[in-house]
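Me: I would like a close look at one part of the structure shown below, with the terms spelled out as they come up.

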Amino acid sequence: MSRKTMDCRKAPSDTHCTLTISGEEDEVFQAAISHAVSVHGHEDSAELREMIRGMLEDESPTAGMGMPLSMQEPQQPSRH
C-alpha cells in the first residue's frame, strides 16, 4: 500500500498551520480529520471529509528519512 501525505500549508487557513501528516491512507485521513476539528475548529462533516480526501497526496519517495532503523546497517563507534 502506498503512503499518503496531507500538508496543512496547502489548505486555506487563518492560522498558517505547518503540520504535515504522513502514513497509510486511512491513518492520514483520520488524523487529518481529528486535527481539522480539534485544532482548526472545523465541524466533522461530509464536506470536510471530502475536502480532506481530495487533499491527500502520494508521499514523495524522497520524503522519508531513509530506511527504517531496523533495516539500517549498525554504526561502528568512532575510534579517534
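Which residues does Ala36 touch, not counting residues up to four places away in sequence?

Reply: Leaving aside residues up to four places away in sequence, Ala36 touches Gly41, His42, Leu48 and Ile52, where a contact means heavy atoms within 4.5 Å. The model is a predicted one, in which local features need pLDDT of at least 70 and side-chain atom pairs count only at pLDDT 80 or more, while totals for chains, interfaces and linings use all residues. Residues are numbered from 1 along each chain as its sequence is written, and side-chain values use heavy atoms, with hydrogens and water left out.

Of the contacts in the chain with a separation of 6 or more, 39% are between residues 24 or more positions apart. Of the 80 residues, 25% count as buried, which here means under 20% relative accessible area, with exposed meaning over 50% and partly exposed in between (1.4 Å probe, protein chains only). The accessible surface of the chain comes to about 6400 Å², and 53% of that belongs to carbon and sulfur atoms (Shrake-Rupley method with a 1.4 Å probe; for residues, only the protein chains shown count as cover).

Ala36 is one of the buried residues of helix 1, together with Val28, Phe29, Ala32, Ile33 and His35. Seen down the axis of helix 1, these buried residues fall within an arc of 165°, so they line one face of the helix, the arc being that of the directions from the helix axis to the C-beta atoms. An α-helix has 3.6 residues a turn, so residues three or four places apart point the same way. The face turned away from the buried side of helix 1 carries the exposed residues Asp26, Glu27 and Ser38, whereas the cover over its buried residues includes strand 1, strand 2 and helix 2. As for its length, the 14 residues of helix 1 should span 20 Å at 1.5 Å a residue, and the end C-alpha atoms are 20 Å apart, which agrees (the expected span is 1.5 Å times one less than the number of residues).

Charged pairs complete the picture. A search of the whole structure finds six salt bridges, each a side-chain nitrogen of Lys or Arg within 4 Å of a carboxyl oxygen of Asp or Glu. One of them joins Arg53 and Glu25, whose closest N and O atoms are 3.1 Å apart; Arg53 lies in helix 2 and Glu25 in helix 1, so the pair ties together parts that are 28 residues apart in sequence. Arg53 is partly exposed, with a relative accessible area of 37%, and Glu25, at 28% relative accessibility, likewise counts as partly exposed.

Another salt bridge is formed by the side chains of Asp58 and Lys4 (2.5 Å, N to O), linking distant parts of the chain, since Asp58 is in strand 3 (residues 57-58) and Lys4 in strand 1, 54 residues apart. Here Asp58 is exposed, with a relative accessible area of 52%, whereas Lys4, at 15% relative accessibility, counts as buried. Asp44 forms a salt bridge with Arg49, the closest N and O atoms being 2.8 Å apart; Asp44 is partly exposed at a relative accessible area of 39%, and Arg49 is partly exposed at 29%.

Definitions and conventions
Helices (H or I, at least four residues) and strands (E, at least two) are DSSP runs, numbered from the N terminus.
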